[in-house]
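Subject: Structure handover

Hi,

Here is the structure I promised to pass on. My notes on the helix packing and the cores follow below it.

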Amino acid sequence: MKSESNTLAFSAFMALLIGCAGIVATLASNSQAILLDGLFNLIYFSVALVTIKVSKLASRPDSESYPFGYSYFESLVNLCKGLLILGVSIFALVDAIAALLTGGREISAGLAVIYALFATCACSLTAWVMHRSQRHIRSPLISADKLNWVVNSVISAAVLAAFCLVMLFEQLGWYAVLPYVDSVLVIAVVVLCLGVPVRMASQALQELLNKTPEEAVAAPVRQAVARGLADIDTVEVRMRMVRPGRLLYVIVHVVLPDAAEVSIATQDSLRARVDEEVRRYHSPVVCDVVFTSDTRWAAPSCGLLIEKQGSSQLEKP
């Protein structure tokens, strides 16, 4: 799929389909592991509807009500996704521990295997579609969805393997352990995958708080700015950089020995060159370059320092 909205709509449909199948399978098999999977997908479906709306907003220009655009909505949605997944996981963990302490629960392994096989295939297909879409679309919303479906595929595959073990235990006559398999499976899945929603929510929260992007994003941009300003003498160059959602904001304060000696036309040319260099590494981007001879513009609060000593060298203050 080459459209962001179509890709997200497909993701929402698959979440609804698997969620409904999970609830039906839970009623037939009495498996809390399947209930966890079904609730997870139904909650994700509700968030996916909001995600589709946000993806349309993110492509709009700024407005009087939102002068910096709608990119922060993407981070907000990803934060909500992470917190919802984390909440469902903790609920399932507490319920599984309670079931273990009260003797476990009996499940119908045959129906559970059928559902787990269906869920594994459906989740893997959706993750593959998300991956293919990323070839044409650069979107943090699709990236978060892809991560969700990869984790969901792993969970479903683990559930399938566990229920196959239940059928094996039944054939071997190990009936004493059967009531505990479902609860142990839920606990194992939650513990192994708990880091995913935590990382998702943490990264989104950092974006909402205007934290500087990770070094993998920031370092190439600093180098691009240094190359764009390589032909002029500067007293100091400092940068501010934030990345809400897919959009990168870069503000560069350039302190010149004497700003009056650099013409307006030259400054405009340098701005265009810096913008072109930065766009080679990240898009969409808003890059603003300010020239001044007043060192107060480049006070330490202005962010990352770019020093030029012969060839451009970059370091943090």
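For the packing numbers, axes are lines fitted to C-alpha atoms, for helices over the stretch in contact, and angles run from 0 to 180 degrees between N-to-C directions. This is a predicted model, in which local features need pLDDT of at least 70 and side-chain atom pairs pLDDT 80 or more, while totals for chains, interfaces and linings use all residues. Numbering starts from 1 along each chain as its sequence is written, and side-chain values use heavy atoms, without hydrogens and water.

Helices are DSSP runs of H or I with at least four residues, numbered from the N terminus. Helix 2 packs against helix 4 (residues 109-133) at about 35 degrees, with the axes 11 Å apart. Ile34, Asp37 and Gly38 of helix 2 meet Ala112, Tyr115 and Ala119 of helix 4, where contact means heavy atoms within 4.5 Å.

Helix 6 (residues 178-193) has buried residues including Leu178, Asp182, Val186 and Cys193; buried means under 20% relative accessible area with a 1.4 Å probe, protein chains only. The buried residues of helix 6 pack against helix 2 (32-58), helix 3 (71-101), helix 5 (140-172) and helix 7 (195-208). Leaving out residues up to four places away in sequence, Val186 touches Gln32, Ala33, Leu36, Ala92 and Ala96.

Val186 is also among the residues that touch the most other members of the largest nonpolar core, which has 50 residues. Such a core is a set of buried Ala, Val, Leu, Ile, Met, Phe, Trp, Tyr and Cys residues joined through side-chain atoms within 4.5 Å. A second, separate core has 23 residues, including Leu248 and Val274.

Best wishes

Key. Helices (H or I, at least four residues) and strands (E, at least two) are DSSP runs, numbered from the N terminus.
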